[in-house]
Amino acid sequence: MNCMIRCAHCGRHFILNPRVKDQRYCGGKECQRARKTLWQREKMRTDPEYQANQRESHRSWRERNPGYWKEYRIGHPEYAMRNRILQKHRDKRRRLKDLAKMDALEDLFSPVKAGSYYLIAQGENLAKMDALTQKVYLIPTG
């Protein structure tokens, strides 16, 4: 009996392979890449031996290709510019984190606190108690 499920990556329906236990991804190239990426992230998070192996592998690659990143940045100036901007943001966030707890610094940056708020209409609708609940999420700029 062929059972069909929806792919966890692309959302298309596909027929399960009876030899693959707990299959969640179709055989599409992008879907398989997404599955592998997710597996690698989880493995890096939980397996110290795998982490050490990856570090060693990257170190070895850098030794065999010493000028690669310098040449890449020269050949891709938009990448280098984007990375500079993002690095400044990461550095700034790291410095702020080192200064104090982030929630203690929140007052310095925004008069609005993250949380749930009720929006209530003014005037004659006030008596009806029509309130709309909205969540507010603060998004850092910079």
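A residue counts as buried under 20% relative accessible area, as exposed over 50%, and as partly exposed in between, with a 1.4 Å probe and protein chains only. By that rule, 8% of the 142 residues in the protein chain are buried. The model is predicted, so local features need pLDDT of at least 70 and side-chain atom pairs count only at pLDDT 80 or more, while totals for chains, interfaces and linings use all residues. Residues are numbered from 1 along each chain as its sequence is written, and side-chain values use heavy atoms, with hydrogens and water left out.

The protein chain has 5 helices and 4 strands, taken as DSSP runs (H or I of at least four residues for helices, E of at least two for strands) numbered from the N terminus. Along the sequence the pattern reads β-β-α-α-α-α-α-β-β.

Helix α3 (residues 68-75) and helix α4 (residues 77-99) have axes that come within 5 Å and cross at roughly 105 degrees. Axes are lines fitted to C-alpha atoms, for helices over the stretch in contact, and angles run from 0 to 180 degrees between N-to-C directions. Angles of 65 to 115 degrees count as roughly perpendicular, and α3 and α4 are therefore roughly perpendicular to each other. Contact means heavy atoms within 4.5 Å; here Trp-69, Tyr-72, Arg-73, Ile-74 and Gly-75 of α3 meet Pro-77, Tyr-79 and Ala-80 of α4.

A disulfide is a pair of cysteine sulfur atoms within 2.5 Å, and the count comes to 0 disulfides. For Cys-7, the nearest cysteine sulfur, that of Cys-31, is 3.6 Å away. Cys-7 is buried, with a relative accessible area of 4%.

How values were computed
Angles under 35 degrees count as roughly parallel, over 145 as roughly antiparallel, 65 to 115 as roughly perpendicular and the rest as oblique.
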